[in-house]
Amino acid sequence: MNKTQPFVPADDLSKLWRAIIEFDMLQPGDRILIGLSGGKDSMFLTAALAEIKKYSPIPFDLACYTVNAMFAPNFPKQELVDFCHHYGLEHYSDDVNVNEAWSKKGGNTPCFTCAYFRRAATNRKALELGFNKVALAHHHDDAVETFFMNIFTSGQLRSFLPVTPLSRTGLTVLRPLLYYRESEIIQLVEKLQLQPLKNPCPYDGYTTRQDVKKHITALDAQYPGVYEHLAAAMRCQEAQELWPDKLGQKALAAKFRAFWKNKNK
């Protein structure tokens, strides 16, 4: 990492400021715990939030947390500690044996299990340390891919929300990078000379999300504008024309009875 330019230049922060201001992400006294995996996205998020912390008119505290999923024997704890220290941030970490948890839990894919236990561990650590918000490094491509994936796998028009209150814990999840394309983050990581850690996940590059990413790229090449249209469809719109909610069996049966009663009138 470049020791002479530790923070993100102001010109590269406009999309972060927009998300924070547009979606009311900050309130005075917030304590935000960043989910730091060591990948390019979370490293950029850490550097960017550390920079705006210096100038934000709304003060907030910041720290980082890493879940060691124990996919590899050599967890780069010191590298992560040094990275965070470079930005003046405290780093915390815990071990979570995802493969063991998956083998015991069963029924779901290892990716689902990994995501579940990472979220649970991060939220638990945030509460334990007195943080009220968790910042995750999902970018714009992640949101569009999730939207596309939910349509095809569950028939739901859903994606990541910029701000997600968790009613059971009282925590709030923030996604400040949602206006950045993945390609932009790759360029910024190179520009800042950050050094993302190699992903030890044995399924990296072989996930459903990776398949969806390829499908969207292929569709966008064949029908230019597909990506932008998917992104637009994630927004609430007055022009939406969707079918009404699906009726339950009892409600539908009642409508059938009411309809056929007209025969005797």
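Helices (H or I, at least four residues) and strands (E, at least two) are DSSP runs, numbered from the N terminus. By that rule, this protein has ten helices and six strands. What you're looking at is a predicted model, where local features need pLDDT of at least 70, side-chain atom pairs count only at pLDDT 80 or more, and totals for chains, interfaces and linings use all residues. Residues are numbered from 1 along each chain as its sequence is written, and side-chain values use heavy atoms, with hydrogens and water left out.

**The big picture**

- Along its principal axes, the C-alpha trace spans about 85 × 45 × 45 Å.
- The protein has 265 residues, and 38% of them count as buried. Buried here means under 20% relative accessible area, exposed means over 50%, and partly exposed is in between (1.4 Å probe, protein chains only).
- Take the contacts (heavy atoms within 4.5 Å) with a separation of 6 or more: 77% of them are between residues 24 or more positions apart.

**The nonpolar cores**

- A quick general point first: in soluble globular proteins, nonpolar side chains tend to be buried together.
- A nonpolar core is a set of buried Ala, Val, Leu, Ile, Met, Phe, Trp, Tyr and Cys residues joined through side-chain atoms within 4.5 Å.
- The largest such core has 37 residues, and Leu16, Phe44, Leu49 and Leu177 have the most contacts inside it.
- At least two residues of this core come from each of α1, β1, α2 (40-55), β2, α3 (77-86) and α7 (182-192). Helix α2 supplies the largest share, eight residues.
- A second, separate core of 15 residues includes Leu33, Tyr65, Val96 and Leu171.
- Back to leucine 49: setting aside neighbours within four places in sequence, leucine 49 is in contact with Leu16, Ile20, Ile34, Phe60, Leu62 and Ala135.

**Salt bridges**

- A salt bridge is a side-chain nitrogen of Lys or Arg within 4 Å of a carboxyl oxygen of Asp or Glu. Searching the whole structure turns up 15 of them.
- Glutamate 22 and arginine 235 pair up through their side chains, at 3.6 Å from N to O. This pair ties together distant parts of the chain, 213 residues apart: glutamate 22 is in helix α1 (residues 14-22), and arginine 235 is in the loop between α9 (226-233) and α10 (249-261).
- Glutamate 22 counts as partly exposed because its relative accessibility is 35%. Arginine 235 is partly exposed too, with a relative accessible area of 39%.
- Lysine 133 bridges to aspartate 30, with the closest N and O atoms 2.6 Å apart. Here strand β4 (residues 133-135) holds the lysine and strand β1 (residues 30-35) the aspartate, and the two residues are 103 residues apart. Both lysine 133 and aspartate 30 are buried.
- Arginine 31 and aspartate 61 form another salt bridge, with 3.6 Å between the closest N and O atoms. Arginine 31 is in strand β1 and aspartate 61 in strand β2 (residues 60-68), 30 residues apart.
- Arginine 31 is partly exposed at 28% relative accessibility, and aspartate 61 is partly exposed at 37%.
- Lys40, Asp41, Glu145, Glu182, Arg209 and Lys213 are joined in a salt-bridge network.

**A look at aspartate 41**

- This member of the network lies in helix α2.
- Is aspartate 41 buried or exposed? Aspartate 41 counts as buried, because its relative accessibility is 15%.

**How helix α9 packs**

- Axes are lines fitted to C-alpha atoms, for helices over the stretch in contact, and angles run from 0 to 180 degrees between N-to-C directions.
- Helix α6 (residues 140-154) packs against α9 at about 80°, with their axes 9 Å apart. The two helices are therefore roughly perpendicular (65 to 115 degrees; under 35 is roughly parallel, over 145 roughly antiparallel and the rest oblique).
- On the α6 side, His140, Asp141, Val144, Phe147 and Phe148 meet Tyr227, Leu230, Ala231 and Ala233 of α9. By class, that contact has seven nonpolar, one polar and one charged residues.
- Ala, Val, Leu, Ile, Met, Phe, Trp, Tyr, Cys and Pro count as nonpolar, Asp, Glu, Lys and Arg as charged, and the others, Gly among them, as polar.
- Helix α8 (residues 208-222) also packs with α9, at an angle of about 115° and with axes 8 Å apart. Ile216, Leu219 and Asp220 of α8 make this contact with Val226, Tyr227, Glu228 and Leu230 of α9.
- The α8 and α9 contact has five nonpolar, no polar and two charged residues.
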